[in-house]
Amino acid sequence: MTQSSPILQASGLSCIRDDRVLFSELTFTLNVGQVLLLEGKNGSGKTSLLRILCGFREPDAGQICWCGECISDSQYYADMAYIGHLDGIKKELTVFENLSVALALGRPGQYPLSDALVRVQLSGYEDVLVQALSAGQKRRLSLARLLVTQNRLWILDEPFTSLDKQGIKLTEILMTEHTASGGLIVLTSHHDLNLPAVDVQRIHLS
Amino acid sequence: MSLTHAFFAILRRDLILALRRRSEIANPLLFFVLVITLFPLGIGARPQLLQAIAPGIIWVSALLAAMLSLDSLFRSDFDDGSLEQILLSSHPISVLILGKIVAHWLVTGLPLILIAPLLAVFLGMPQPAIGVLLLTLLLGTPVLSLIGAIGVALTVGLRRGGMILSLLVLPLYVPVLIFAGNAVEMAGNGLPVTAQINILIAILLLTLVLAPWPTAAALKMSMS
Amino acid sequence: MKFIPDPVGRFFHRMASPPHFYALTETLMPWLTAIFLIFLALGLYGGLYLAPPDYQQGDSYRIIYIHVPSAWMSLFIYVVMAMAGAIGLIWRIKLAEIVAISSASIGASFTFIALVTGSLWGKPMWGTWWVWDARLTSELILLFLYLGVIGLYNAIDDKRTASKAVAILALVGVVNIPIIHYSVEWWNTLHQGPTVTKMDKPSIHVSMLVPLLLMAIAFKFYYVIAMLQRARLELLQRERTASWVKKMLMEQQL
């Protein structure tokens, strides 16, 4: 895989919801080290597009390829990680238990659990029940999930929600590092991205 | 190796969760006991009649209790997004889902078996029938969880899935009800029950192998 | 889908394209209706007029000309529904999804007719409206299965998702139907002892059998007609934003 070969390719995607065409003939290509930022008003189909990229929804037309193969035939699900509106964290489990389940569902990645918690500034919270954490801390815990598993493509739905300035900075640093090490990111955000070192594509849905 | 690890991680996770919110275990069990207590009150304290219909009462109540407990199988995971994460796993989803179903059975099905002897005595069931009752519950309640999982996976995305769930699931429970209820009745009359038990074993194996596939497909469908 | 030869695949894809299907069924409809009416007339004439009265039941047995074909259809349609659902799931053919759901309520109606006529027939035979007979009980459970399919379809707002749900449920149901049928049969013989079942008569006279088969064929055609009509409606509703529907409506207005 050379540095510039396209990895995530979407061609002719369209999505129709309740008779409303959210988008049609959407085509994009994402290469190694690139970030794709989806912009648009509420209800413009950003989340729908992310869910189509996750395979939760079928596009009404078009197809998505990963490394040249259709996503259902490829290694796609072993290579991607998703953080949605819902953070997918069990509040009755401790921070550590949550992360070990995430790890069991994927393959061990870049960081061991404890190092990942240090990265997201949650060390010392290992045995705390998640329900005792603040909303921002929960967000950071879901970021830790990206770090403990092996993945190349991050799909993030509004990753900056309920994060403070520090948290946003942290997320941006992690994203920069991920792309620098050959990762790809697709995200939606209302917040202005501050990623000077990264090649950011923008798609405006309306 | 890592797939078995994932299976047990899910199993362990669900068991820990159930222990931390105990009402999930207690509610179906209480319901089971309550429904069975209602029968003598409704029919009258006629030992002969109660004894005659005891297998049916216990099994129908078990069916209803199992159905009532189904909602907790995927509900909280659906609401907080954990289910999305499970479905995005690179492991075969049907195996992970099977882990959830096994945990669910351990938490809601197994207690029914433990309390059943007491209820059998309540209804005056003869001694040999009680052993067979426990055996049929042991073989039958996992089937209820496995089949129920399909129904609940189809309806978990609906706001008011409860009523439709019973319509989907109860007709599919009929064979278990027939063979299990009949085995207990026959045992009470001192007749052999190997045929029924063998059929129940066959049904259990069949659902164990087949049910996780449509459940996984239905969960994916419920995500869209 | 390598195991299907290309020309066959192309044929099915052309058949399954909505405008083609809509036009084709429109031309087929009068023919289907004519065949249905012919078989129906022949069957009714043979069954109600030509066939001799039964030596035990007199004329009341003649309800089998409705009851038995309905019962056959109720099972047949469930299997068709499951197969169409499977095709829709595997090959993502929209038309198959539509055929599956259009079949559901027709199947439920046939099941209901089989139940009602069975009960009407039971009154003179057994002296009661309802007997927990194996066939009637299986039929009742089949009705519940159908109602589950219809209920599930209506409960899900997004019709594409709903079609998938229905297909999964129908497939689960079709695996279960033989097991349910067998278990009910078994339950019935154990509890009641072998009763004289209606269908398993040692032999049925040919003058009674021929009209029965004619009626069965007529019912099959009726099903095809009713299903196609429902499918056409459903198709129009789902494709209401598509260009071919708009074009067709424009042409009709002129």
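Colleague: How many residues does the contact take from chain B and from chain C?

Modeller: This is a predicted model, and contact here requires C-beta atoms, placed from the backbone, to lie within 7 Å. On that criterion the contact takes 19 residues from chain B and 24 residues from chain C.

Colleague: Which element gives the most to the side of chain B that touches chain C?

Modeller: The elements of chain B that give two or more residues to the side touching chain C are α6, α7 (162-169), α8 (174-188) and α10 (212-223). By class, the residues on this side of chain B divide into 17 nonpolar, two polar and no charged. With five residues, the element that gives the most to it is α8(B).

Colleague: Turning to chains A and B, which element gives the most to the side of chain A that touches chain B?

Modeller: Here 21 residues of chain A are in contact with 20 residues of chain B. The elements of chain A that give two or more residues to its side of this contact are α2 (76-79) and α3 (95-105). By class, that side of chain A has twelve nonpolar, four polar and five charged residues. The element that gives the most to it, with six residues, is α3(A).

Colleague: Where does the largest share of the largest nonpolar core come from?

Modeller: The largest nonpolar core has 190 residues, and those with the most contacts inside it are A:A144, B:I58, C:L152 and C:L169. The largest share of this core amounts to 14 residues, and the element that supplies it is helix α6 (residues 127-155) of chain B.

Colleague: Which residues does A:A144 touch, not counting residues up to four places away in sequence?

Modeller: A:A144 is among the residues with the most contacts inside the largest nonpolar core. Once residues up to four places away in sequence are left out, those that A:A144 touches are A:L99, A:A116, A:L117, A:V120 and A:L122.

Colleague: How many helices and strands are there in chain C?

Modeller: From the N terminus on, the elements of chain C run α-α-α-α-α-α-α-α, and the C-alpha trace spans about 60 × 40 × 35 Å along its principal axes. Buried residues make up 36% of the 254 residues in chain C. The count for chain C is eight helices and zero strands.

Colleague: What follows α3(C), and what is the phi of that residue?

Modeller: Helix α3 (residues 64-91) of chain C has 28 residues and reaches 39 Å from its first C-alpha to its last, close to the 40 Å expected at 1.5 Å a residue. The residue that follows α3(C) is C:R92, whose phi is positive, near 55 degrees.

Note on methods: Residues are numbered from 1 along each chain as its sequence is written. Chains are lettered from A and ligands numbered from 1 in the order in which they are written. This is a predicted model: local features need pLDDT of at least 70, side-chain atom pairs count only at pLDDT 80 or more; totals for chains, interfaces and linings use all residues. A nonpolar core is a set of buried Ala, Val, Leu, Ile, Met, Phe, Trp, Tyr and Cys residues joined through C-beta atoms within 7 Å. A residue is buried if 20 or more other C-beta atoms lie within 10 Å of its own, exposed if 12 or fewer, and partly exposed in between; C-beta atoms are placed from the backbone. Helices (H or I, at least four residues) and strands (E, at least two) are DSSP runs, numbered from the N terminus. Two residues are in contact if their C-beta atoms, placed from the backbone, lie within 7 Å. The expected span of a helix is 1.5 Å times one less than its number of residues. Ala, Val, Leu, Ile, Met, Phe, Trp, Tyr, Cys and Pro count as nonpolar, Asp, Glu, Lys and Arg as charged, and the others, Gly among them, as polar.
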